[in-house]
Amino acid sequence: MTHPDLIAEYGAWLTDFLPDDYYDRYREYRWDIELRRAHQCAAFEAGWLQPTWSREHGGRSLGLADAMEIRLEAAMRSAPKLPNIAGPGVAAPGIRQFGTAEQIDRLLVPLLRGDEWWALGMSEPEAGSDFAGLRTRAVRDGDVFRVKGRKIWTTQAHQSRWCTLYARTDPEAAKHRGISCLILDLESPGVTIEPIRMASISDETFCEVILDDVEIPVASLLGSCNGGWQVAMSSLNHERQMIWIMNWVEIQRGLNSVREVKTTDDDYASGQVFTELGSLLADAEALRATGYRALHNELDGRPSPEADILKLLGSHTLQRVWELAAAAAGPRSIGDGDLLFERQDALAATIYGGTSEIQRNIIAERLLGLPKG
Amino acid sequence: MDVGLNSGQLALRDSVRDVLRTECPPAVARQAMIDPQRWRTLWKTVVDLGWAELAVPGADGDDTFGRLDLIVVLEECGAAIAPIPLLSSVGMAAGVLRLAGAAAADVLGAIGSGAVAALAVHPPGCRLPGVPTTLQHGRVQGRAVAVPGLARAELIVTLASSADGPVAAVVRVDDGVTVHEAECTDPAQPVADVEIDAEPVAVAPVDLDSAFATPLVAAAADLVGVAGAVLDRAVEHAKTRQQFDKPIGAFQGIKHALADNYVALERARGLTYAAAARLDDSATPPPAAWNAAALAKAAAGEAAVGCARTAVQVHGALAQTWEHDIHLYLRHAWQGAATLGDSRALYHAVGRRFAGAAT
């Protein structure tokens with residue numbers, strides 16, 4: 001089902017792109033935004049950015065199976081991370097699926113090349129997991145919506161040009177039926193963006209976005225009026241496919257770092273590390289096997305309920321891997337800034353893209369058929 | 001890497017499931033606990049249907065039935081907690097002989113026709129399976145504990161150390177074989193200890209990693225089946241049992257425990273299918289096959305015990321009664337989880353190998 005030649009071609013392209021000392025100095029290069037920008041742009045040009053999409057949109061019209069192999073190869077080779085994952089990962093699939101011809105024409109290529117960054121205007125102070133409870137209000141006034149409200153945890157808004165802004169357009173409707181997705185130009189009058197200092201080193205800074213009577217043209221609706229819930233679910237679903245691969249590669253890196261810690265004179269403690277290591281190796285392999293199995297079912301037109309475990313399993317495994325790395329390092333972990341970052345970053349994985357508690361509700365209600373609480 | 005079931009395997013699964021639904025409701029396991037002969041009628045049905053033939057690889061070396069076919073059937077038998085020696089004989093004992101070549105062909109043929117064999121590979125005092133016997137001067141000698149299905153077996157497959165390295169050896173349950181039956185967690189699947197001092201009827205050199213891989217993945221499939229079935233029972237109860245004016249499954253305390261069980265189940269199932277696919281691929285090096293099979297068994301043991309324990313909690317006091325089925329699943333899960341290496345011991349072994357600390 002896969003084409004080894006294709007993977008070889010991709011691998012050769014990546015080798016050619018990366019600096020010669022990339023792997024020796026990965027710890028520095030991972031923060032190198034210019035390298036990451038250049039990588040995204042080059043991947044777009046070469047058709048590796050969105051492998052299933054057409055050439056003009058950074059792809060090669062590949063099948064899902066080949067695309068997954070490319071993503072796994074990229075992950076295993078530690079290809080530079082996209083500097084603005086919300087753009088290609090979440091906004092782009094939404095624009096491609098729901099956008100008008102004009103929107104696609106104006107927005108998609110600059111997004112995919114990385115020239116224009118995107119923020120996701122979803123969470124609000126009173127609407128986190130309960131996304132459909134959002135309060136930002138958009139009122140139609142002729143050719144524009146007038147928008148008032150407040151978004152928070154809006155990653156990279158201060159560096160972004162655009163925002164997929166979810167706002168309430170019908171306060172009378174059931175709460176998830178009265179939401180629309182508007183494409184907000186963050187340079188519009190009335191938009192105030194306040195970055196929020198992060199608990200640890202990060203290049204994915206949160207912002208608060210305050211919207212004070214902001215005018216957004218009606219032509220900037222993404223999808224239908226009051227159809228924002230579908231746009232959000234569909235965009236996040238695309239992200240969900242990518243999250244497990246991202247988790248998986250981080251897990252591999254963590255496992256290798258545990259392996260490199262030379263364990264100690266304390267047999268009992270080493271034994272505990274080995275046991276946890278074995279369990280985590282099972283998690284990592286299960287993640288990959290389940291990702292493949294879900295894809296295989298999807299390609300054959302069968303239901304793929306197992307896909308819903310990927311986010312929950314991947315994020316928890318990631319956290320356990322870095323906690324084990326810290327345990328195996330003993331007191332040396334205290335002075336290890338990289339490890340601090342990994343542990344902090346891993347903790348975010350059970351929160352973004354739907355918390356673990358929400359994931360469990362989804363599994364219990366949609367897959368097991370248990371009643372809503 | 002293709003780790004799903006193909007349409008033929010899905011059809012096989014459905015046909016096995018249909019047979020077991022009528023022939024083997026959970027009450028059969030309860031009957032088998034108190035009637036030592038109860039397994040025979042079901043076993044005859046299963047053998048007549050040809051399921052035991054899954055033991056036999058093809059004559060030209062490439063398997064007629066792959067491990068994936070085998071695990072599909074074993075998973076369904078686990079789900080039905082069928083009190084038959086399909087896992088112990090076809091999955092485990094024949095599994096060791098699968099790569100043993102012509103020397104084991106007659107024995108495999110007999111197992112494929114319904115002769116019951118048991119796998120004796122637990123040396124006393126060890127958590128992981130190993131080599132419990134020696135082969136010297138033409139005799140197999142040694143002791144093994146917790147041999148699954150021994151009371152029903154006419155043949156014993158064991159591993160022996162010999163001057164020429166490890167071998168798989170087959171002995172008849174006859175003179176020179178002393179069976180020590182004991183109480184066991186799951187009397188529907190009785191295990192026993194054995195002392196062997198007998199001439200083997202077949203001997204074949206084996207690679208130990210390869211020898212254990214198929215039995216481990218077979219045991220994993222059985223436990224995945226148990227996990228799925230007992231989770232279904234818990235979910236059904238959680239949907240119907242009302243407290244505080246709503247089904248208890250509406251409470252997150254129950255809901256999230258069951259969701260975590262589902263993750264454990266699919267984790268184990270994914271590992272088991274992937275391991276079986278790797279074993280069917282002759283390019284897989286034996287240590288990689290052993291790792292994959294060991295992780296699958298470890299995960300499946302965790303899933304089965306975890307799902308059964310939650311099911312007990314969800315059912316409350318009901319689950320403590322003989323008449324309710326949950327203890328049947330729980331016993332099967334506990335016993336299976338302790339066979340061929342408990343989960344912690346298997347994880348430890350794989351983790352140790354990964355860390356490069358193994359000798």
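Select B:Leu12, B:Val16 and B:Leu20, the buried residues of helix 1 of chain B. A residue counts as buried if 20 or more other C-beta atoms lie within 10 Å of its own, as exposed if 12 or fewer do, and as partly exposed in between, with C-beta atoms placed from the backbone. Seen down the axis of helix 1 of chain B, these buried residues fall within an arc of 60°, so they line one face of the helix; the arc is that of the directions from the helix axis to the C-beta atoms.

This is a predicted model, in which local features need pLDDT of at least 70 and side-chain atom pairs count only at pLDDT 80 or more, while totals for chains, interfaces and linings use all residues. Residues are numbered from 1 along each chain as its sequence is written, and chains are lettered from A and ligands numbered from 1 in the order in which they are written.

**Helix 1 of chain B**

Now select residues 7–23 of chain B. This helix has 17 residues and reaches 24 Å from its first C-alpha to its last, close to the 24 Å expected at 1.5 Å a residue; the expected span is 1.5 Å times one less than the number of residues. Helices (H or I, at least four residues) and strands (E, at least two) are DSSP runs, numbered from the N terminus. On the other side of helix 1 of chain B, the exposed residues are B:Ser7, B:Ala11, B:Asp14, B:Asp18, B:Arg21 and B:Thr22. Helix 4 (67–79) of chain B is included in what covers the buried residues of helix 1.

**Helix 3 of chain B**

Next, select residues 39–48 of chain B, where B:Trp39, B:Leu42, B:Trp43 and B:Val46 are buried. Down the axis of helix 3 of chain B, its buried residues fall within an arc of 100°, so they line one face of the helix. The face turned away from that buried side carries the exposed residues B:Thr41, B:Lys44 and B:Asp48. The cover over the buried residues of helix 3 includes helix 1, helix 2 (27–34) and helix 5 (86–97) of chain B. Just after helix 3 of chain B, B:Gly50 takes a positive phi of about 90°.

**Where the chains meet**

Display both chains. The contact takes 35 residues from chain A and 39 residues from chain B, two residues being in contact if their C-beta atoms, placed from the backbone, lie within 7 Å. On the side of chain A that touches chain B, the elements giving two or more residues are helix 8 (267–299), helix 9 (310–329) and helix 11 (356–367) of chain A. Helix 8 of chain A provides the largest share of that side, 17 residues.

Select helix 11 of chain A together with helix 8 (residues 252–280) of chain B: the two pack at an angle of about 85°, with their axes 8 Å apart. In helix 11 of chain A, A:Arg360, A:Asn361, A:Ile363, A:Ala364 and A:Leu367 meet B:Lys255, B:His256, B:Leu258, B:Ala259, B:Asp260 and B:Tyr262 in helix 8 of chain B.

**Two residues with positive phi in chain A**

Most residues other than glycine have a negative phi. Select A:Asp213, found in strand 7 (residues 207–217) of chain A, whose phi is near 55°. A:Asp213 is exposed, with 10 other C-beta atoms within 10 Å. Finally, select A:Asn226 in the loop between strand 8 (221–222) and helix 7 (228–260) of chain A. A:Asn226 has a positive phi of about 70° and is partly exposed, with 17 other C-beta atoms within 10 Å.

Note on methods: Axes fitted to C-alpha atoms, helices over the stretch in contact; angles between N-to-C directions.
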